[in-house]
Amino acid sequence: DMHLGRVPATLPDALADQVRTLGPEIAWQRCVQAAIEHRVEAVLLAGDVVEGSRDFFAGYAALKAGVEALIAEQIQVIAVAGNHDTEVLPRLADAVPELTLLGRGGEWQLHELSAAAVLGWSFPKARVLESPLADLPSLTSSQPVIGLLHCDLDQANSHYAPVTRTELERTDTAAWLLGHIHKPSFSNDDDANGRWIGYLGSVSALRASETGVHGPWLLDVDGADINASQLGLAPLAYETLSIDVASLDDPEALSSLVLDRSRQLVDDRLRHQALPDALGLRVTLVGKTRFGTKLEQAAKALTGREQVWQESDCQLFIHHLRVDTQPEIDLAEHARQHDAIGLLARDLLILEGPECEARSRLIRQARQRLALLDDAPFAGLAPPISADETLTWLQQAGRAALTQMLASRE
């Protein structure tokens, strides 16, 4: 999923002028260069190549330049259309005839390469309610068949070509390369009998929730054996970073702690050759602390400045910082008190202890209170809140409230 024409969101103001150099067009250029360097036979695109119809010209310029560079090196470019580029990708394929678009009009199509055949299906319209695998023809190729499909995996009520993993595993293909979900899940686990099945992911992070490594996959086909490895070429990436503040002696030293952990993250990405040009951090502070609100104030000050700093040619910034610490207090001691603090401490001991009727009652009461939100706008769009989620929220809210109550009393 490249989404050519789309602008990355959630960048800090200091990087606003680099929005294009951190976007999918640069990621596509790097994919082209990597394909040439690895001397591949073909580049496969699993749909949503272009963000939408209004991005026709932006997509045309970037796609045409890349395809021409690949064709000049005798590298084929094969694509299927997804739900975003249902109309625009066929038009682009007509304008760039060197691009092979498989499965126009929702008809399965097989394309032979030297070591494998590519089986593809394209979205005939923006919404497809039925599984395209229902019309999958018998495979007649003498070579391993690699399926190329944009779909919604294991989402029965989806409007975007819902398929099940069981359906994919029942086919005679050697692998399934999927588009649509931007988090990579491409693997050859035992459940698929060693076959590579899953989402390739977005070629570069397009929003902060798309954490982890992004980039193209290099497939090596040797007879019936297929191996795959991901190339971390994304210009923009986001990572979750959990930082234990238990050893922090001063809230003002929080910036130094974040800096130290971010360096470790950069070093790890360097070792895996997956260091982006810009890396956004989604930081969560955990562990026990005696600083309470002072730590929260230090965290707010850290994110309020929207600072960008440099590590090994990578620009880092904090996209989000959440405080999820526990108060460094003796719950048992405070539970002896006959006041609101004692009541809350006793409830926390129950919530953080083993399964019992008292804990079940607290969770049940909380879920009943949360159920009152059903009358709010957008109610029913999210799944019901589970008992485990309720327990976590109660523990977090209880610790935060107890910290504030103790601070107020002092």
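1. R195 is buried (under 20% relative accessible area, with over 50% being exposed and partly exposed in between; 1.4 Å probe, protein chains only), yet R195 forms no salt bridge. A salt bridge here is a side-chain nitrogen of Lys or Arg within 4 Å of a carboxyl oxygen of Asp or Glu. The nearest side chain of opposite charge, E169, is 5.8 Å away from R195; Lys and Arg count as positive, Asp and Glu as negative, and His and the chain ends are not counted.

2. This is a predicted model, in which local features need pLDDT of at least 70 and side-chain atom pairs count only at pLDDT 80 or more, while totals for chains, interfaces and linings use all residues. Residues are numbered from 1 along each chain as its sequence is written, and side-chain values use heavy atoms, with hydrogens and water left out.

3. R195 sits in the loop between β9 (175–179) and β10 (196–199); strands are DSSP runs of E, at least two residues, and helices are runs of H or I, at least four, numbered from the N terminus. At 2.8 Å, the R195 side chain reaches the backbone oxygen of T173. Leaving out residues up to four places away in sequence, R195 touches L168, E169, R170, T171, T173, A174, S187, N188 and D189, where contact means heavy atoms within 4.5 Å.

4. A298 belongs to helix α6 (residues 293–304) and is buried at a relative accessible area of 13%. Beyond four places in sequence, A298 touches P251 and L254. A298 and E252 are 46 residues apart in sequence but 6.4 Å apart C-alpha to C-alpha.

5. The structure holds zero disulfides, a disulfide being a pair of cysteine sulfur atoms within 2.5 Å. C151 is buried, with a relative accessible area of 0%, whereas C356 is partly exposed at 30%.

How values were computed. Polar contact = N/O pair within 3.5 Å; in protein donor to acceptor, adjacent residues only side chain to side chain.
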